[in-house]
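Dear colleague,

I am passing on the structure below, and I would be glad if you could look through it alongside the notes that follow.

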Amino acid sequence: MLYSGRTSGGIRLIPVRRLSQLDPAARKAALGRPGALTAEVMKAVDTIVSDVRDHGDSALRAYAKKFYKVKLDALQVPPSEMETAERNLTQQEQGALRSALENLLRFHKQGVTRSFEYAPVKGILVGRRFVPYASAGLHVPGGGSLLPSSVLMAAVPAVVAGVKEIILCTAPGPDGTVAPVVLFAARIAGVHRVFRTGGAPAIAAMAYGTASIPRVEIIAGPGDRFVNGAKRAVAGDVTVDFASGPTELLVISDGTADPRRIASDMVAQSEHDVSASARLVTTNAAQAEAVARELSDQARKLPRADTIQKALTKHGMLLIADDMASAIAFVNEYGPGYLVIACERPLPVLDQVRHAGSVFLGDMTPVAVGDYGVGPNAVVPTLGDARRTSGLSASTFLKSVPFTFVTKDGLGSVAPMSSALARLESLEGHLASIELRQARHGH
């Protein structure tokens with residue numbers, strides 16, 4: 001440990017450690033996630049999923065009363081509430097959400113995978129058709145949280161992909177309603193129906209259907225470890241996107257970035273909840289120590305200082321790498337949801353990154369602009385899923401269907417190869433199906 005202590009604000013600073021000197025247990029902790037799906041979480045999730053699958057709406061109402069302390073008669077938000085939601089927003093608020101929507105639409109339209117076809121030889125046509133899922137169920141945390149930006153992030157890729165039926169599940173507030181700002185975001189983004197249920201019960205409802213909530217073909221959107229656990233539990237019966245939450249941020253630096261700016265991103269992402277994790281890997285010890293001091297000074301000035309303090313002290317880390325190669329190796333082993341490359345020349349570093357949900361370049365790029373719709377999606381894989389998949393995009397909501405069309409002339413071109421391989425594999429039925437079509441009078 002190179003640096004530790006307290007400030008006058010009383011918030012304990014994060015220890016600074018050398019990456020190369022971590023013992024196996026400490027390195028495992030550095031790569032660990034606070035939102036990991038433990039056996040205890042999965043046991044609780046399995047109970048909820050089974051209950052909703054078997055008892056439908058009555059289970060959803062019971063969980064609303066248990067988790068949110070509200071009694072719900074109707075689960076669906078009346079369409080009239082969605083249509084009139086904008087009356088509760090200022091023109092500035094509406095304009096900000098519409099601007100974010102336009103940015104997201106412009107970005108996601110750039111990355112839509114296109115169908116293709118071609119003729120390798122005369123008489124043969126091959127290709128691939130990309131088709132959207134018919135229905136999508138989106139989850140966005142609700143309750144006491146107002147996250148209209150997350151509604152836009154989840155809905156826009158589905159809309160761009162061409163999904164015909166898009167529903168949104170979000171937890172009701174203390175009065176049993178969904179905030180007008182969330183409903184407004186849902187309406188302008190293209191969501192068709194909104195339901196007042198959240199967490200694991202919502203995932204189960206969208207996976208299996210209830211009297212009120214339709215069964216969908218794909219489920220996507222952020223949530224806590226119980227949402228992620230529910231996604232895993234239903235993955236055999238419905239397509240799911242990936243684990244997305246709690247928030248995780250990794251900053252890597254060559255020592256040139258302003259410690260205040262690095263700390264500001266770590267503090268900002270830590271205010272989401274106490275399970276958020278914010279970590280720095282730098283090649284400069286003095287920078288790490290300065291960031292440690294800045295974290296305390298910045299956090300104690302904010303309204304959510306208590307949440308920030310708990311997140312940083314429980315899950316925050318400040319690590320010193322021997323060189324940038326070691327820092328980049330850590331990035332690719334960790335696979336962060338958000339990655340900040342706070343380097344003098346960030347683009348060459350980006351070229352070496354293989355696993356990250358979304359990347360922010362330079363210390364003048366606050367992660368918050370990504371949270372609020374500058375273009376790239378903020379619904380990103382966490383819990384290491386960035387090592388296996390990509391963040392939410394139009395491609396998430398598309399399936400591909402390859403096809404082959406062979407005429408009599410075309411069959412003559414590929415029959416010798418196909419027949420030879422059928423004989424090689426001793427599959428006489430395969431061979432017969434080819435030869436039958438080659439016969440002059442075959443039917």
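A charge is taken to sit over a ring if NZ of Lys or CZ of Arg is within 6 Å of the ring centre and within 35 degrees of the ring normal. In this model, which is predicted, the charged end of arginine 33 sits over the ring of tyrosine 334, 3.8 Å from its centre, and the charged end of arginine 53 sits over the ring of tyrosine 208, 5.4 Å from its centre.

Aromatic pairs were searched for as well, and the whole structure holds four of them. One of these joins phenylalanine 67 and tyrosine 68 in an edge-to-face arrangement, with 6.3 Å from centre to centre and 75° between the planes. Phenylalanine 67 is partly exposed, at a relative accessible area of 39%, and tyrosine 68 is likewise partly exposed, at 23%. Phenylalanine 330 and tyrosine 334, by contrast, form a stacked pair, 5.9 Å centre to centre and with 15° between the planes. Both residues belong to helix H12 (residues 324–334), where they are four residues apart, about one turn of the helix. Phenylalanine 330 counts as buried because its relative accessibility is 1%, and tyrosine 334 is also buried, with a relative accessible area of 1%. Tyr63, Phe67 and Tyr68 make up one aromatic cluster.

Finally, serine 135 lies in strand S4 (residues 135–139) and counts as buried, its relative accessibility being 11%. Leaving aside residues up to four places away in sequence, serine 135 touches Val163, Glu165, Arg215, Val216, Glu217 and Ile218.

Key
Residues numbered from 1 in each chain as written. Predicted model: local features only at pLDDT ≥ 70, side-chain atom pairs only at ≥ 80, totals over all residues. Heavy atoms only, no water. Helix = DSSP H or I, 4+ residues; strand = E, 2+ residues; numbered from the N terminus. Buried < 20%, exposed > 50% of the residue type's maximum accessible area, 1.4 Å probe, protein only. Contact = heavy atoms within 4.5 Å. Phe/Tyr/Trp six-rings, centres within 6.5 Å; stacked < 30°, edge-to-face > 60°.
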